[in-house]
Amino acid sequence: MQRGRQKWVLGVSVLAVIVPVSLVVLSLNGFFSHQPLVEEVVAETVAWEIERPSELLSVNQVTENIYENEEAFSNLTVHIYNYCEEDWEYGSCDTLGMGVSVDANVEAGFVENVNVTFYDDIQPSKVYWFELEERGWFDNLSVVDYSHCRASEECVEASVYMDGVNQPRSIYFKASLTWKLKTANNESHQITVSSEITYYNGTAYRKVVLPIVLHVVADAGDCFETARTISFGNHTAFIEFIDDPEDWYMIWFEEGQSVSAMLIMQEPRGLYLDLYLYNPDGTLVANSSSREPNGIEQITHTISQSGNWYIRVLNPSAAETLYTLSIEEEQL
């Protein structure tokens, strides 16, 4: 009996040594993988918009979201190439052709992975990568998974997930895609493009989230009653002499503000546009009508009363053009 007890004690003692040692060895060899704790930083959302044109139109505009600190630099860029009404290649739906790129640099450490996603928040649409693996550009990145449209994940229209190759200090990704809008031309759409860049800074993992919201909005109104509500920032629209000769906007201004409205044509072709500002009572208070081909129209005005003010863009020439209306508050 005593001898059996001694064997039992010896066996337990041996196991008490072998098991912990084995667990340590397995852990060191990566048998028990674990997800490192990641600190997440979400940058402020950048917005871009365009009024839905009624034809094939070259846009060629770039918007980007940049986050930088003392340890890393991250950048998401969306290049809008063109807009096509009733694109026959995509079932006669309107489409927006674009390119997306991500780049990042880490001072000390490495980039772990990169994830790019597209979320449709309003109307039904789809995003299609254009020959991602054949024509995409991957510097120090390898594709783990990508999808045009995940039916299993609600609202996710497209995504690409990439791992860093050999713990790189810098990465770059670029690819083209098409956004298919599955509604009539008089409806608005919105989609969020987001990049998630996870990196190791030498002591901890961090994830930088860079969101860009793309708005494709219905045509601005053509009078006071149908004016489209906007805010400070840039607003790109299409204007055409016969069917859409003027656009009206409504914006809230506070008394005492000094505001600037600037009108720039995206593709100057010897054309000119006129710019008008009306107070909440509907009275014209300022205008810019230089009538200089390819010129920039600008109004700077001190707001006399709080309320909804109106901005009118008029196309007096027999032509069509893409323009950007920029509304800013001037610093006194």
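Mentor: A salt bridge is a side-chain nitrogen of Lys or Arg within 4 Å of a carboxyl oxygen of Asp or Glu. This is a predicted model, in which local features need pLDDT of at least 70 and side-chain atom pairs count only at pLDDT 80 or more, while totals for chains, interfaces and linings use all residues. Residues are numbered from 1 along each chain as its sequence is written, and side-chain values use heavy atoms, with hydrogens and water left out.

Trainee: How many salt bridges does the structure hold?

Mentor: Side chains of opposite charge can pair when their charged atoms come close. The structure holds eight salt bridges. In one of them, D94 pairs with R52, and the closest N and O atoms are 2.9 Å apart. This pair links distant parts of the chain: D94 belongs to strand 5 (residues 93–106), whereas R52 sits in the loop between strand 2 (46–51) and strand 3 (57–68), 42 residues apart. Strands, like helices, are DSSP runs numbered from the N terminus (strands: E, at least two residues; helices: H or I, at least four).

Trainee: Are D94 and R52 buried or exposed?

Mentor: Buried means under 20% relative accessible area, exposed over 50%, and partly exposed in between, with a 1.4 Å probe and protein chains only. Both D94 and R52 are buried.

Trainee: Which residue forms a salt bridge with E246?

Mentor: The partner of E246 is R312, with 2.9 Å between the closest N and O atoms. The two lie 66 residues apart, E246 in strand 16 and R312 in strand 21 (residues 307–314). E246 is buried at a relative accessible area of 17%, and R312 is buried at 18%. Another salt bridge joins E196 and K207 (3.9 Å, N to O). E196 counts as partly exposed at 24% relative accessibility, as does K207 at 21%.

Trainee: What is the strand order of the open five-stranded sheet?

Mentor: Strands of a sheet pair through backbone hydrogen bonds, either parallel or antiparallel. Here two strands are taken to pair if DSSP finds at least two bridges between them. The open sheet of five strands has the order 14-16-21-18-19, with mixed pairing. Strand 14 (228–229) and strand 19 (284–288) stand at the edges with a single partner strand each, so one side of each is left without a neighbour in the sheet. Strand 14 runs parallel to strand 16 (residues 246–253), and two bridges join them; R228 has Y249 as its bridge partner in strand 16.

Trainee: How many bridges join strand 18 to strand 21, and how many join strand 18 to strand 19?

Mentor: Strand 18 is joined to strand 21 by five bridges, running antiparallel, and L277 has I311 as its bridge partner in strand 21. Four bridges join strand 18 to strand 19, also antiparallel, with Y276 opposite N287. Strands 18 and 19 form a hairpin with five residues between them, and G282 in the turn has a positive phi of about 90 degrees.

Trainee: Which residues cover the two faces of strand 18?

Mentor: In a regular strand the side chains alternate between the two faces of the sheet. In strand 18, D274, Y276 and Y278 on one side and L275 and L277 on the other are all buried. Five of the five residues of strand 18 (residues 274–278) are buried, so this strand is largely enclosed by the rest of the structure.

Trainee: How many aromatic pairs does the structure hold?

Mentor: Rings of Phe, Tyr and Trp (its six-membered ring) pair if their centres lie within 6.5 Å; planes under 30 degrees apart count as stacked, over 60 as edge-to-face and the rest as tilted. The structure holds 14 aromatic pairs. One of them, F224 with W248, is tilted, at 4.5 Å centre to centre and 55 degrees between the planes. F224 is partly exposed at 28% relative accessible area, whereas W248 counts as buried at 5%. The rings of F253 and W309 have centres 6.3 Å apart and planes at 55 degrees, so this pair is tilted. F118, W129, F138 and F173 form one aromatic cluster.
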